[in-house]
Amino acid sequence: MDVRKKILLKQIGAKIAYYRTLRDLKQEELATLAHISQSVLSRIESGKYNDTLSVPMLLDIADGLQIDMSLLVSFNDVEKSMWWQPLSVKACENKMCVSSESHEKEGGSYGDDSGE
């Protein structure tokens with residue numbers, strides 16, 4: 001699985017665990033509300049669930065947490081920057097060393113939603 005996908009799934013899992021804790025729910029309780037097993041929820045929260053985490057499953061989890069699903073899949077700039085850090089390392093392994101600092105000095109931006 002792509003490193004960025006792994007990071008994204010870990011971030012989603014961490015958000016689920018965070019909101020579950022705020023709601024004072026145990027994994028078993030949220031799993032029941034979301035119609036999934038406790039072991040599946042545990043794997044999702046730890047970022048170890050496979051890359052087939054579905055939108056309907058996220059909707060069920062969000063409903064169990066009584067939050068909007070967008071809270072689980074919205075990321076601030078710091079969280080987004082984590083998606084690109086592994087690319088810098090991989091690029092150096094491939095002899096294309098481009099650090100995030102040099103990219104930004106050249107006017108580039110990581111995680112930019114503008115489509116430019």
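Helix α4 is covered on its buried side by elements that include α1 (3–22), α2 (27–34), α3 (38–45) and α5 (70–73). Helices here are DSSP runs (H or I, at least four residues), numbered from the N terminus. Cover is judged by contact, meaning heavy atoms within 4.5 Å. The model is predicted: local features need pLDDT of at least 70, side-chain atom pairs count only at pLDDT 80 or more, and totals for chains, interfaces and linings use all residues. Residues are numbered from 1 along each chain as its sequence is written, and side-chain values use heavy atoms, with hydrogens and water left out.

Helix α4 spans residues 55–65. Its buried residues are Met57, Leu58, Ile61, Ala62, Gly64 and Leu65. They lie on the same side of α4, because they cover an arc of only 160° around the axis. The arc is that of the directions from the helix axis to the C-beta atoms. An α-helix has 3.6 residues a turn, so residues three or four places apart point the same way. The face turned away from the buried side carries the exposed residues Val55, Pro56 and Asp63. Buried means under 20% relative accessible area, exposed over 50%, and partly exposed in between (1.4 Å probe, protein chains only).

Both ends of α4 show local detail. At the start, a side-chain oxygen of Ser54 comes to within 3.1 Å of the backbone nitrogen of Met57. Just after the helix, Gln66 adopts a positive phi of about 60°.

Helices α1 and α4 pack at an angle of about 20°, and their axes are 10 Å apart. Axes are lines fitted to C-alpha atoms, for helices over the stretch in contact, and angles run from 0 to 180 degrees between N-to-C directions. The two helices are therefore roughly parallel to each other, a term for angles under 35 degrees. From α1, the contact is made by Ile12, Ile16, Tyr19 and Arg20. From α4, Leu58, Ile61 and Leu65 take part.

Helix α1 also holds Lys15. This lysine is buried, with a relative accessible area of 13%. Lys15 touches Leu71, Leu72, Ser74, Phe75 and Glu79, not counting residues up to four places away in sequence.

Leu33 belongs to helix α2. Leu33 is partly exposed, at a relative accessible area of 44%. Leu33 and Ile61 are 28 residues apart in sequence and 7.4 Å apart in space, C-alpha to C-alpha. Neighbours within four places in sequence aside, Leu33 is in contact with Leu25, Asp60 and Gly64.

Notes: Polar contact = N/O pair within 3.5 Å; in protein donor to acceptor, adjacent residues only side chain to side chain. Parallel < 35°, antiparallel > 145°, perpendicular 65-115°, else oblique.
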